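Subject: Structure handover

Hello,

The structure we spoke about is below, with the sequence. My notes on what was found in it follow.

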Amino acid sequence: MVSVSASRGASGVTLVELLVVLVVGGAVLGAVAGVLHDNQRFYRSESQVLDVEDGLRAVVQLLPAELRELDARGGDLVAMGRDSVSLRATRSLGVICARPDPATGVAVVADSLTFGWRAVDPSRDRALVLREGDPDTPDDDRWLDLAITGASAGAACDGGGRGTSLHLSGATADLDGVPAGSPLRTYERVVYRLYTDEQGLSWLGERGYGGGAWSSLSPVAGPLRRVGGLTFSFYDTAGAPAARPGDVARICIVARGLSAAAIDIPGRTASGRQYEDSIVVQVALRNN
Amino acid sequence: MTLPSRSGSRGFTLAVTLFALVLIEALLAGAFFSARQALRLGTNVRDSQRALGAAEAGLSQTLAGWRSSAYGALAPGGVASFSGALAGGTGSYAGTVLRLGRSLFLVQSTGADAAGASRRSVAWLVRPTPVALPAGAALSVTDRLELGSGVSVDGTDRASGADCPPAGSAMAGVAVTPTTEVLLPGCGDSACIRGNPPLAVASAAEDSGASAAVAAAWATLVAAAAKVYEPEDLFFERPQPVGTAMACDTAVRGNWGGAAVPGCARYFPVVFARGNLRLIGGSGQGALLVTGDLSVDGGFSFDGLVIVGGRLVVEGSGARFGGTVRARTATLSASTAGSAELVFSRCAVANALIPNAAPNPLAERAWSELY
């Protein structure tokens with residue numbers, strides 16, 4: 001005969017206990033769901049805020065780097081507008097390491113003395129070569145503006161070292177008298193402007209000139225406000241508004257970011273609306 | 001058979017608590033992640049700006065404290081380095097001065113923020129700007145000129161010296177003022193003077209302008225003097241270059257540079273004598289400034305700029321000057337064993353002035369951001 005002992009504590013749950021568990025559990029799960037929902041809303045809104053701030057930081061990193069090096073007097077600032085700027089943006093600085101050949105237009109640039117953001121791209125870049133003339137006077141210094149038709153690595157420098165041959169065209173006869181040791185810059189024509197894409201979002205857009213045509217605008221930083229999202233102000237050395245590109249010595253950039261969607265963060269003044277932020281940066285042109 | 005009681009394993013409090021903790025931690029981690037992302041981006045921008053500021057400070061301070069003797073002695077392709085720290089420990093910089101050519105330098109400076117988290121590199125193309133001197137002649141005299149036997153003065157430009165550009169147009173052999181007393185007893189019919197023209201007489205206005213320019217140049221050069229002779233040691237016998245094929249011992253006071261010692265070929269000191277100076281033999285190059293009289297004998301040779309506040313006397317076995325010489329009074333002659341030769345050289349004058357000149361960025365496109 002089997003004896004079954006009573007185990008009162010493990011005999012199951014009563015209906016009342018079950019109901020209590022369901023009510024309490026439901027309340028807990030409801031609270032958790034609420035927290036998760038609030039949290040998701042917070043993340044979504046916070047990512048909008050971060051997008052705006054990242055976009056503004058990108059604007060103030062990119063544009064000053066391009067503008068700082070301009071020689072406005074020398075024609076690097078091609079055109080200026082309220083929300084756009086057209087310029088000759090430097091892409092590299094190198095040092096010619098063998099006397100250029102005016103007949104062929106070939107100049108060899110030392111690899112060890114080439115600095116820049118990217119390799120020379122003959123389809124987009126042009127060259128500026130310093131022609132000192134009489135080295136004992138600065139009065140006849142000038143930069144020769146020449147097209148680049150090709151670039152090939154593996155050239156030899158005078159006195160050793162490797163270089164890159166740049167095939168130049170244009171007034172290459174002026175290369176006569178340019179000695180080894182002369183600096184050579186490369187630049188490309190670019191336009192930066194505020195533009196609005198198909199989704200209605202506004203960005204800092206860039207387009208470059210290459211192969212005889214302008215590329216289409218592509219976004220490089222943002223999102224920005226559609227109206228007033230990017231404004232340029234141009235000043236001369238006296239601090240007065242500059243009338244012509246050649247007079248510009250300082251550029252003030254104001255970027256105003258606007259989130260793509262409304263944010264919902266309790267405590268934020270912009271809660272329920274699109275998030276906005278702005279930044280102002282002054283760029284002194286180093287070569288003016 | 002007896003089944004065990006399980007009264008101690010009832011409920012789910014622990015599981016719920018753990019779940020809640022994990023959930024809360026996940027929420028907190030998410031919030032911290034967002035905040036950290038924003039902070040990191042902001043910090044990167046700040047560090048980058050500080051590094052750029054440090055790099056530019058390196059450029060500015062290098063130009064402000066331009067080490068003429070070190071940088072001027074570099075051969076094309078030669079490099080000298082510099083480094084420093086910003087006040088307050090907010091950053092540091094290090095860089096190089098690369099001589100690209102006769103009068104062109106690339107100054108490259110890499111800056112870092114205090115923690116070394118960000119680096120930026122910028123460069124300036126600079127060229128020394130020598131003091132402005134009148135175009136001049138091989139010999140310029142204001143008060144009295146006397147040329148005896150064995151003298152040759154030539155305004156034809158000579159490209160003599162290191163890295164000289166092609167010779168330029170000829171200048172006057174001798175330039176005087178309307179009031180200068182000119183005596184040519186040993187120089188029959190001015191035959192010992194050549195140039196374009198051989199003898200030029202400046203107008204009073206031209207002479208006044210030239211005097212002002214020379215006075216300004218004098219002040220600048222005296223401030224850069226590397227060798228100074230006081231009145232008590234004015235008898236200096238025989239300067240000569242001292243060094244090796246690779247280095248010049250510039251600390252030696254009698255070392256006035258010169259290509260005879262390859263290491264001193266690019267050493268162009270400013271030599272300043274406060275009073276009278278007498279030289280017998282030897283050689284030098286650079287700028288020689290004498291407030292009193294300069295007496296030369298024994299085949300002394302000098303390339304560069306010579307300005308004598310009093311009398312210039314060349315006698316005995318003579319001397320040779322390449323460049324330009326200015327004096328209030330000049331009495332030149334030489335025995336049959338030697339000659340007194342003055343030849344014009346723009347290059348020699350520029351060689352003397354460039355290493356002792358303050359650098360300036362190029363007028364156009366001097367500044368570059370390298371990376």
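B:Ser169 is partly exposed, its relative accessible area being 48%. This is a predicted model, and everything below should be read with that in mind. B:Ser169 sits in the loop that runs between E6 and E7 of chain B. Apart from residues within four places in sequence, B:Ser169 has contacts with B:Asp157 and B:Arg346. Its C-alpha atom is 8.7 Å from that of B:Asn196, a residue 27 places away along the chain.

B:Asp157 belongs to the loop between strand E6 (151-154) and strand E7 (172-176) of chain B. B:Asp157 has a relative accessibility of 8%, which is under 20%, so the residue counts as buried. The side chain of B:Asp157 comes to 2.5 Å from the backbone nitrogen of B:Gly168. Beyond four places in sequence, the residues in contact with B:Asp157 are B:Ala167, B:Gly168, B:Ser169, B:Ala170, B:Phe344, B:Ser345 and B:Arg346.

The partner of B:Asp154 is B:Arg194, with an N to O distance of 3.6 Å. B:Asp154 is buried at 5% relative accessibility, whereas B:Arg194 is partly exposed at 41%.

Next, strand E15 of chain B.

E15(B) covers residues 294-297 and has both of its faces covered. B:Leu294 and B:Val296 are buried on one side, and B:Ser295 and B:Asp297 are buried on the other. E15(B) pairs in the parallel sense with strand E13 (residues 277-280) of chain B, over four bridges. In that pairing, B:Ser295 is the bridge partner of B:Arg278. A parallel pairing over three bridges joins E15(B) to strand E16 (residues 300-314) of chain B. There, B:Leu312 in E16(B) stands opposite B:Leu294.

Now the interface.

Between chain A and chain B, 46 residues of chain A are in contact with 46 residues of chain B. About 4,000 Å² is buried between the two chains, and carbon and sulfur atoms give 59% of that area. In polar contact across the interface are 16 residue pairs, with both residues at pLDDT 80 or more. On the side of chain A that touches chain B, the elements giving two or more residues are helix H1 (15-67), strand E2 (84-101), strand E4 (115-116), strand E5 (125-131) and strand E8 (183-196) of chain A. H1(A) provides the largest share, 13 residues. Sorted by class, this side of chain A has 20 nonpolar, 10 polar and 16 charged residues.

Five salt bridges are counted between chain A and chain B. One salt bridge joins A:Glu132 to B:Arg127, whose closest N and O atoms are 3.2 Å apart. The side chain of B:Arg127 also makes a polar contact with the side chain of B:Ser103, at 3.1 Å. B:Ser103 lies in the loop between strand E2 (91-101) and strand E3 (104-113) of chain B. B:Ser103 is buried, with a relative accessible area of 1%. Not counting residues up to four places away in sequence, B:Ser103 touches A:Glu132, A:Pro135 and A:Asp136 in chain A, and B:Val126, B:Arg127, B:Pro128 and B:Ile354 in chain B.

Last, salt bridges in general.

Over all chains, the structure has 34 salt bridges. In chain A, A:Glu66 and A:Arg91 meet in one with an N to O distance of 2.8 Å. This pair too links distant parts of its chain, with A:Glu66 in helix H1 of chain A and A:Arg91 in strand E2 of chain A, 25 residues apart. Which of the two classes, buried or exposed, does A:Glu66 fall into? A:Glu66 counts as buried, at 9% relative accessibility, and A:Arg91 is buried as well, at 7%. Another salt bridge is formed by A:Asp121 and A:Arg124, with the closest N and O atoms 3.0 Å apart. A:Arg124 is partly exposed, with a relative accessible area of 33%. A network of salt bridges links A:Glu66, A:Arg91, A:Arg118, A:Asp121, A:Arg124, A:Asp125 and A:Glu188.

Regards

Key: Residues numbered from 1 in each chain as written. Chains lettered and ligands numbered in written order. Predicted model: local features only at pLDDT ≥ 70, side-chain atom pairs only at ≥ 80, totals over all residues. Heavy atoms only, no water. Buried < 20%, exposed > 50% of the residue type's maximum accessible area, 1.4 Å probe, protein only. Polar contact = N/O pair within 3.5 Å; in protein donor to acceptor, adjacent residues only side chain to side chain. Contact = heavy atoms within 4.5 Å. Buried area = accessible area lost by both parts, 1.4 Å probe. Salt bridge = Lys/Arg side-chain N within 4 Å of Asp/Glu carboxyl O. Nonpolar A, V, L, I, M, F, W, Y, C, P; charged D, E, K, R; others polar. Pairing = 2+ DSSP bridges.
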